[in-house]
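Good morning. I will go through one structure, element by element, and keep to what the coordinates give.

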Amino acid sequence: MPAPRRVRCARLALLAPVCALAAAACGPASPPALRIGAVFPLSGSAAAAAHDEYGGAQLAAAMVNGEGGAGGRHIDLDVRSVTSVSGVQQAADSLRSDGVPAVIGAYSSALSIPLAAAVARDGMVYWETGAVADQVTGRGSPLVFRVGADGADLGGNSGRFVAQQIAPRLGVTPSALSAFLVTVDDAYGHSVAGGARTALESGGVRVAGEAVYDPNAPQFAPVLAAVSAAKPQILVLSSHVNDGIAFRRAFLADHIYVDAFMGTTMAQCYPEFGAALGPDAVGVFASDRPEADFNPGALNSSALAVYRSFAAAWTRSTGRAPTEEALAGFSSAWVLFHDVLTRAATSAGGIAGAARSLDLPPGSVPNGAGVRFGQTPADLGQNLRAASVIWQWQAVRHSVVVWPSAYATGTVTMVPLPA
């Protein structure tokens with residue numbers, strides 16, 4: 001098995017534009033630098049989005065270092081590029097050998113689930129910067145933390161939106177609605193679909209059925225037949241980007257009508273979704289973490305200043321606005337570097353204890369979240385104040401945040417969808 005590739009910040013050509021901004025994080029410092037591990041798939045099919053998430057974390061380190069570091073110690077990111085599960089344990093072992101007390105990562109749920117377990121087994125804190133599958137923090141490890149939303153948050157937000165916002169616009173009570181779930185068969189898909197089902201049923205919406213498909217070889221004919229037979233008013237899709245695009249095309253080609261098409265995941269918010277579908281994306285809703293165009297009024301003054309510094313630095317470096325992955329990586333790493341490491345002993349136990357003591361109200365984190373980590377076995381290490389929003393595509397290649405109102409930059413339209 002090939003060793004995971006070590007990537008030092010000062011020579012990370014793949015992330016050169018952002019790394020230039022973080023150069024301060026790579027130089028010598030006195031007292032000795034505080035080395036923090038980082039594991040991301042920096043090559044392969046997930047590389048573009050993973051670069052953005054890692055780049056956001058780099059900027060968080062650079063900004064904290066610019067303020068004097070974490071407790072006076074420079075943060076130095078010790079990076080491994082891992083693209084498959086087979087490299088996860090070796091990356092964790094390598095970082096343990098380097099003496100890091102904590103590891104950030106890893107964008108992809110498929111990597112993050114085993115990586116969180118491997119890092120915790122090796123006695124280090126694992127700090128998730130992006131992946132949403134419930135299983136990352138769902139195993140009751142006191143060394144695993146996630147600042148961002150999990151699948152239950154994103155799916156639950158979708159279900160609550162249907163009950164609280166779609167039903168009134170259709171002029172009915174939630175109990176008069178039925179929803180059908182279409183779910184990609186992996187940990188990510190089942191996490192968000194499970195959250196959606198729970199919230200729908202809690203809100204009074206009847207779940208008429210669920211059809212599951214293989215992400216590697218999707219067969220949509222039986223799925224569409226099941227949807228057609230159930231005749232739901234609401235279609236709830238949990239997918240990745242490419243299969244989500246393919247399903248939407250197949251759904252429209254079969255001339256199936258619903259009053260609202262609801263994505264439970266960030267997949268339906270990606271620019272690729274709107275670009276590929278054009279007018280066929282218009283009207284679709286999706287649940288997501290905040291991106292650059294959420295309402296900054298959701299932030300308190302301190303978080304707003306940090307967000308503006310981050311956004312300006314990111315745009316100068318990359319020539320584009322911060323992506324959802326960049327903001328997620330920055331916000332998660334900022335909480336670790338700025339709010340935890342500045343008050344923690346630099347052992348894994350000290351970092352975990354300081355994290356569990358955080359109590360930040362909503363609007364305190366640059367993506368609009370607050371921070372309070374769950375303490376029970378079921379939610380241990382999961383941020384109970386994570387931020388999630390609902391988007392809607394309202395024109396070709398144009399989407400806006402429509403809910404909750406604190407984050408919204410537009411209002412809900414096209415309910416019901418045009419026939």
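Is strand E2, residues 34-40, largely enclosed by the rest of the structure or exposed? Before the answer, the conditions. This is a predicted model, in which local features need pLDDT of at least 70, side-chain atom pairs count only at pLDDT 80 or more, and totals for chains, interfaces and linings use all residues. Residues are numbered from 1 along each chain as its sequence is written, and side-chain values use heavy atoms, with hydrogens and water left out.

Now the answer. Strand E2 is largely enclosed, because 6 of its 7 residues are buried. Buried here means under 20% relative accessible area, exposed means over 50%, and partly exposed is in between, with a 1.4 Å probe and protein chains only. The element names are DSSP runs numbered from the N terminus: helices are H or I with at least four residues, strands are E with at least two.

What does E2 pair with? Strand E3, residues 75-81, runs parallel to E2 and is joined to it by 7 bridges. Two strands count as paired if DSSP finds at least two bridges between them. Within this pair, Phe 40 stands opposite Ser 81. Strand E4, residues 102-105, is also parallel to E2, with 3 bridges, and there Ala 38 faces Ile 104.

E2, helix H2 (residues 47-66) and E3 form a right-handed β-α-β unit. Right-handed means that, with the strands pointing away from the viewer, the path from the first strand over the helix to the second runs clockwise. In H2, 18 of the 20 residues are buried. The end C-alpha atoms of H2 are 28 Å apart, which agrees with the 28 Å that 20 residues should span at 1.5 Å a residue. That expected span is 1.5 Å times one less than the number of residues. Just after H2, Gly 68 has a positive phi of about 110 degrees.

Gly 329 counts as buried because its relative accessibility is 0%. Its contacts, leaving out residues up to four places away in sequence, are Glu 53, Gly 56, Ala 57 and Thr 129. Contact means heavy atoms within 4.5 Å. Gly 329 and His 51 are 278 residues apart along the chain, with their C-alpha atoms separated by 9.8 Å.

Next, another sheet. What is its strand order? It is an open sheet of 7 strands, ordered E8-E7-E9-E10-E11-E12-E13, with mixed pairing. The edge strands, each pairing on one side only, are E8 (206-213) and E13 (398-403). Neighbouring strands of this sheet are turned by 25 degrees against each other on average, direction ignored. Axes are lines fitted to C-alpha atoms, for helices over the stretch in contact, and angles run from 0 to 180 degrees between N-to-C directions. Strand E12 (residues 389-395) pairs with E13 in the antiparallel sense over 5 bridges, and Trp 391 stands opposite Val 401.

Helix H6, residues 187-202, lies across E7 (178-184), E8 and E9 (234-238), at about 170 degrees to E7. Helix H8, residues 241-253, lies across E7, E8, E9 and E10, at about 155 degrees to E9.

Where is Thr 264? It lies in the loop between strand E10 (260-263) and helix H9 (271-277). Thr 264 counts as buried because its relative accessibility is 0%. Its side chain makes a polar contact of 2.6 Å with the side chain of Ser 238. A polar contact is a pair of N or O atoms within 3.5 Å; within protein, one must be able to donate a hydrogen and the other to accept it, and residues adjacent in sequence count only if both atoms are side-chain atoms. Thr 264 also touches other residues, including Leu 154, Gly 155, Val 192 and Ser 287.

Last, helix H10, residues 301-318. Its 18 residues reach 26 Å from first C-alpha to last, close to the 26 Å expected at 1.5 Å a residue. Asn 300 caps the N-terminal end of H10, with a side-chain oxygen 3.2 Å from the backbone nitrogen of Ser 302. The buried residues of H10 include Tyr 307, Phe 310 and Trp 314. Gly 319 follows H10 and has a positive phi, near 80 degrees.
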